[in-house]
Every structure is written in structure tokens, then in C-alpha cells.
Amino acid sequence: MRDGESVRRALAGVEVAYYLVHSMSSSGSFAQADREAALTFGTAAREAGVRRVVYLGGLGQGRLSKHLASRQEVGRILRETTPTTEFRASAVIGSGSASFEIVRALVDRLPVMITPRWVANRAQPIAIEDQLAYLVAELDRPSDESEVFEIGGADVVSYGELMREYGRQRGLKRVYVPVPVLTPRLSSLWLGLVTPVYARLGRALIDSIEHDTVVTDRKALETFEIRPRGYREAIARALENEERETIETRWADEELPQPSFGGVKLGTRLLDARSLRVSQPPAAAFAPIRRIGGGTGWYYGRRLWQLRGLLDVLVGGPGLRRGRRDPESLRVGDAVDFWRVVAYEPDRLLRLDAEMRVPGRASLQFEVEPDGDGSVIHQTALFDPLGLWGLAYWYAVWPLHGFVFKGMLDGIARAAVRERIES
């Protein structure tokens with residue numbers, strides 16, 4: 001974003017450009033990085049003849065945290081260089097929102113929660129669908145002047161109310177213990193231990209949470225026909241989307257410090273992702289994946305899979321008894337041992353959701369993509385732990401995962417070679 005020439009080339013012929021850059025996870029001063037990036041982009045947009053820039057910033061008035069002050073400074077820089085529409089939003093409810101990930105992770109993982117004073121501060125959270133609706137609606141609005149719109153949901157609530165409502169909808173009973181003093185530094189270090197947000201990022205977010213973020217200018221409601229939903233419906237929608245899409249791109253995909261043991265953090269989840277190139281075309285590379293489970297097995301550690309199936313039966317799960325409907329073909333909804341097919345595209349994609357008894361939600365995905373005269377097989381295991389028991393389960397079985405998942409991917413590759421030779 002700091003290479004003005006490359007930005008100008010990218011903006012050639014563009015009438016409306018969206019600016020959604022945020023440098024809070026970068027090393028050094030995120031405010032300085034954001035300042036330089038905004039100036040480069042705004043100047044390049046003006047020189048390329050962009051009619052309008054649409055920018056998503058942060059809501060807040062009066063004395064602002066460094067984070068919110070930087071968000072609003074970026075908007076000012078963009079307005080000074082090219083006509084810009086700035087949407088200032090409070091907390092966003094949905095996948096992709098760091099503030100929502102904090103709420104979710106705290107409630108999911110902590111049966112007893114110490115709540116500092118900032119939990120009582122007010123926000124006007126907006127559903128991610130409503131935020132996107134504002135951004136899309138601006139695309140066709142006939143205006144070439146710079147404007148600022150404050151956007152928020154239908155309700156003004158505290159972060160404590162957000163946590164309680166999330167817990168209610170997830171069916172989680174939690175105890176909240178208020179404390180009069182818990183500094184932002186201590187809060188951020190605590191967040192770094194129990195949520196996906198490392199301490200430096202957590203400190204910047206908590207500094208922002210310490211201030212009310214409530215809409216004071218209703219111009220957005222007068223200008224647009226969008227009527228944002230309340231926080232209860234927004235949380236319900238976020239959870240519904242989570243159920244439909246268990247492996248997705250999230251804010252934590254960017255290059256944050258990762259733990260060296262126990263998998264990579266992906267939002268509130270834990271991830272084991274592996275890739276392997278094979279010399280076979282996609283159809284041959286995918287054939288072993290299409291036949292996985294049942295009589296074929298899982299290509300590595302048969303006895304370990306049998307033991308896991310037995311343990312699942314002992315605690316009331318299906319185990320490996322269900323096998324497969326057909327040894328060669330799959331379709332969405334099929335049972336595959338103690339998994340269920342939730343997505344299937346021939347020669348490209350298989351996604352399985354676990355129906356075994358685990359303290360959380362587990363998914364296993366295989367994806368094949370062409371690569372020259374061969375293919376790359378991507379294998380992703382994802383676990384969304386429920387509470388501390390879920391975390392304990394993941395770390396207890398992690399040493400086995402390292403063997404099983406690697407062996408499974410290697411076994412699939414060997415089977416793909418045999419598939420090509422036999423065909």
C-alpha cells in the first residue's frame with residue numbers, strides 16, 4: 001500500500017474505490033503506518049481520477065484512544081486528498097470482527113469471568129450484514145462530496161450485555177465477577193492468554209472499549225434506506241453463519257505471532273493445515289479423497305482410528321459403525337464413519353463435519369487445485385473448542401494429530417500415484 005505507483009496502476013479506470021486497510025497488527029507504530037498508507041492511497045486515487053473513496057472507520061467522540069484517533073485521522077487524510085465517504089462504526093457483530101472475537105472467546109472459554117469496569121461501557125454494535133449493506137449502498141449514491149456517516153445497530157448496550165446475550169444463545173451458563181480496577185495493560189495480557197488477540201492488539205482494542213461508541217448523528221438513517229437490526233438478531237445471525245460455514249477466512253488469518261505448540265490460532269479456533277504437491281492431475285489426486293473412510297479407511301494409523309471410534313461409542317457417539325453409503329461416490333448429507341459430508345465438489349473439494357463426541361466442533365476439509373502438470377492437495381483440520389475442556393482436549397490429542405494428519409496426507413498422495421498408474 002506504500003508503493004504509490006503500483007496503487008495508481010491498480011486504480012486506473014476505477015470510479016469508486018473502497019479503503020479497508022488497517023495496520024494495527026504491524027510492527028512499530030500502527031498509527032504511523034496507517035498515516036503513510038492513507039496518504040499514498042489518497043494521492044494515488046486523486047491522480048488516477050477516482051471519483052470517490054469509501055472508507056470504514058471507527059465510531060467515537062471527544063477524547064479518543066490511540067486506535068480510534070488513528071481510524072479517524074485516516075478518514076481525514078483521505079478526505080483531504082480525494083472525495084471520501086467515511087462510515088464510522090461501533091463494534092461489529094460477525095466473523096471478521098476482532099471485538100466480536102473477544103466477546104466470543106471470553107464467553108466460550110471462561111465459566112467464571114472477572115469483568116473490569118470497561119465491560120459496563122456502552123456501544124451500538126452493528127451486524128456485519130448491515131455494515132456491508134451501507135458500504136454497498138454507497139456505490140451507486142450520486143454524491144462526489146466528502147461526508148462522514150455514523151452507523152450502528154438498533155440497540156445501545158454494554159459489552160457485559162453483549163457477553164450475556166451471546167452466552168444465552170450458545171446455551172452457556174457463566175458467572176460474572178465485577179472488579180473495580182483492572183488496568184488496560186493487565187486486561188490485554190489476560191486477553192492474550194484466553195483469546196486469539198495477542199497482548200499488543202488487545203491493549204489497543206481495550207483502550208477503545210474504555211470509551212462509549214454510540215451514534216450521535218442520525219444522518220445515515222436519513223440518507224440510506226437501511227434499517228439495522230438489533231444486537232440479539234445480529235448475534236443469532238452470526239451464530240447461524242458459523243453453523244453453515246465452519247472453515248472460513250477470518251481476521252486472524254493475517255500474519256500475527258503464532259503459538260509454537262498446539263496448532264495455529266484461527267479466530268477462536270485451532271487449526272492444523274497441511275499441503276502437498278503431487279504429480280497427478282486433479283481427478284487422480286482427488287480419487288483417494290472421494291473414497292476416504294468406510295472400508296478404505298483413513299490412509300494412516302488404522303488402529304488409532306479404530307481406538308478413537310471405540311472411545312466414541314463408549315461415550316454415546318456413532319463411532320466408525322456407520323461406514324459409508326457407497327464406496328466410490330459421495331454427496332452432501334452422507335455419513336462417513338463419525339463424520340458428515342457438508343460440502344462436496346467432484347475432483348475439487350470435500351468438507352466433513354464431525355459427529356463424534358468432542359467438547360467443541362470439528363471439521364476436516366480436503367481441497368485439490370491444479371498446479372502445472374500436477375496438483376496440490378490441501379488438508380485442513382479445524383477445531384472450535386467449547387470452554388476450557390475443549391482446549392484441554394485439543395492439547396491432549398495434539399501429539400497424535402501431528403502423526404495422524406501428516407500420515408493421512410502422505411497416504412492420500414501415495415494412493416493418488418497408484419490411481420494414476422492403474423488408470
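Strands here are DSSP runs of E with at least two residues, helices are runs of H or I with at least four, and both are numbered from the N terminus. This is a predicted model, in which local features need pLDDT of at least 70 and side-chain atom pairs count only at pLDDT 80 or more, while totals for chains, interfaces and linings use all residues. Residues are numbered from 1 along each chain as its sequence is written, and side-chain values use heavy atoms, with hydrogens and water left out.

Next, select residues 335-336 and 339-345. These are β13 and β14, which run antiparallel and are joined by two bridges; strands pair if DSSP finds at least two bridges between them. The two strands form a hairpin with two residues between them, and Asp337 in the turn has a positive phi of about 55 degrees.

Three residues lie between β14 and β15 in their hairpin, where Asp347 in the turn has a positive phi of about 65 degrees.

Now show the side chains of Arg325 and Asp334. They form a salt bridge, with the closest N and O atoms 3.0 Å apart. A salt bridge is a side-chain nitrogen of Lys or Arg within 4 Å of a carboxyl oxygen of Asp or Glu. Buried means under 20% relative accessible area, exposed over 50%, and partly exposed in between (1.4 Å probe, protein chains only).

Move to Arg79 and Glu86, whose side chains meet in a salt bridge at 2.3 Å, N to O. Arg79 is partly exposed at 26%, and Glu86 is buried at 0%.

Select Glu233 and Arg229 for another salt bridge, at 3.8 Å from N to O. Glu233 is partly exposed, with 43% relative accessibility.

Then select Glu5, Arg8, Arg9 and Glu47, which salt bridges link into a network. The count of salt bridges comes to 32.

Finally, zoom out to the whole protein. It has 13 helices and 17 strands, and 54% of its 423 residues count as buried.
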